[in-house]
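Subject: Handing over the structure, with notes

Dear colleague,

I am passing on the structure to you below, together with some notes to read beside it. Please keep it open while you go through them.

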Amino acid sequence: MSVDRRQFCFTALACGTLLAQPVLAEETYPSKPITVIVSYPPGGDTDAIARLFADKLSHRLKQTVLIDNRPGAGGAIGNGMVGRARADGYTLLFTPNPFTTAPLVMKLSGAAAYDVLKGYEAIINTATQPLVLVTSPKLGVKSLPELIARAKSGATVSYASPGAGSPMHIAGEWLNKAAGVKLSHVPYRGVGPSVTDVVAGHVDTAWVTFGPVRQYLDSGKLLALAIGDTRRSSLAPAVPTLTELGYKDVVVGAWNGFFAPKKTPPAVINLLNEHLNAILREPEVVEKLAVFGALPAGGSPKVLSDLNQREYMVMGQAIKELGIVAE
């Protein structure tokens, strides 16, 4: 074989090897443990749901899936960490929808800064969580119209949220504007304390997800006045929507999902999406999600990508008009 021919074969082989590397990497994925960043502390709903998915995903992929809690700055610290991680599928983000709105209500910089629309690859919208407005029977109102009438009469009425800038805060202020009232916002550090205080009557109402208040609704210690969705929820079919009650423009909900760093290989994204869709169809998972007031979602990566973009635009406009900022 001539020198030129040997050189050609060597070069072709080398190029073929280089070109094949990404494909081989994707075909053998995952070949090592996967880390799922959760931008909130252990023990909350987001953490518990993430661990449910991590356990199921680990069994399906035959590989360890670890949860790494990185709380701080309303979730922005963990979000930013994933946005800057290597795009190889071994660092993922599991997050609720404040991921989308945090940059709209907070001035983020340094380690907390991230690009909501261009910094990530959507994997799957795992679940939705309707927001519900609850009150204690001690307040003496049994419906949203009665609550609005009370506020319009000049009485001081308050509502709790798990924090300034949260979806619950947005729902409360949006309803204030639509109804022409001023329920006073009482921000808490998390859902738990806000639920404790509304049950005790220390705050008049609270915007929450169903999970933390289910036992109190069942026992009669709390009443559900409305949900912030366009349709009634199967978790509480008797509770009317704000749309039914005349506030058709006030639509605020909660959701969660998986994201990966931008430029993560499509084959990896599709593999994870396929497995997570299958997990969402498991009766055990549906049952466990219901405990947290969540309903399985699923679908293609585009479903989550479109949801994220739509919420950024709609909530961004609402946040601007309502003057909402994280305190």
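First, some ground rules. This is a predicted model, in which local features need a pLDDT of at least 70 and side-chain atom pairs count only at pLDDT 80 or more, while totals for chains, interfaces and linings use all residues. Residues are numbered from 1 along each chain as its sequence is written, and side-chain values use heavy atoms, with hydrogens and water left out.

Confidence

The protein averages a pLDDT of 90, and 91% of the residues score at least 70, where pLDDT is the predictor's confidence in each residue, on a scale from 0 to 100. Over residues 1-26, however, pLDDT stays under 50, and for this stretch the model has four contacts beyond four places in sequence, a contact being heavy atoms within 4.5 Å.

Domains

The protein is divided into domain 1 (34-128 + 254-322) and domain 2 (131-245), with bounds that come from an automatic or database domain assignment. Taken over C-alpha atoms, the centres of domain 1 and domain 2 are separated by 26 Å, and the contact between them takes 18 residues from domain 1 and 14 residues from domain 2. Together, domain 1 and domain 2 bury about 1100 Å², of which 73% is on carbon and sulfur atoms; buried area here is the accessible area (1.4 Å probe) that two parts lose on being put together, summed over both. Between domain 1 and domain 2 the count is one salt bridge.

Strand β9

Helices (H or I, at least four residues) and strands (E, at least two) are DSSP runs, numbered from the N terminus. Strand β9 covers residues 253-261, and eight of its nine residues are buried, so this strand is largely enclosed by the rest of the structure. In these notes buried means under 20% relative accessible area, exposed means over 50%, and partly exposed lies in between (1.4 Å probe, protein chains only).

Which strands pair with β9 in the antiparallel sense? Strand β3 (residues 91-96) does so over four bridges, and strand β4 (residues 120-135) does so over nine bridges, where two strands pair if DSSP finds at least two bridges between them. To find these pairings in the model, you can look at L93, whose bridge partner in β9 is F259, and at Q129, whose bridge partner in β9 is A254.

Salt bridges

Side chains of opposite charge can pair when their charged atoms come close. The structure holds 13 salt bridges, each defined as a side-chain nitrogen of Lys or Arg within 4 Å of a carboxyl oxygen of Asp or Glu.

K56 forms a salt bridge with E282, with the closest N and O atoms 3.0 Å apart. K56 lies in helix α2 (residues 45-61) and E282 in the loop between α9 (266-280) and α10 (283-291), so the pair ties together parts that are 226 residues apart in sequence. The side chains of E284 and K56 also meet in a salt bridge (2.7 Å, N to O), and this pair links helix α10, where E284 lies, with helix α2, 228 residues apart. K56, E282, E284 and K288 are linked in a network of salt bridges.

How accessible are these residues? K56 is buried, with a relative accessible area of 15%, whereas E282 is partly exposed at 21% and E284 is partly exposed at 38%. Leaving out residues up to four places away in sequence, K56 touches I279, E282, E284 and V285.

Another salt bridge joins the side chains of R86 and D88 (3.8 Å, N to O); R86 is exposed, with a relative accessible area of 67%, while D88 is buried at 19%.

Backbone details

The peptide bond from Y29 to P30 is cis, with omega near -5 degrees, and P30 lies in the loop between α1 (3-27) and β1 (34-38). A73, in the loop between β2 (65-69) and α3 (76-83), has a positive phi near 55 degrees although it is not glycine. K263, in the loop between β9 and α9, likewise has a positive phi, near 75 degrees, and is exposed at 71% relative accessibility.

With best wishes
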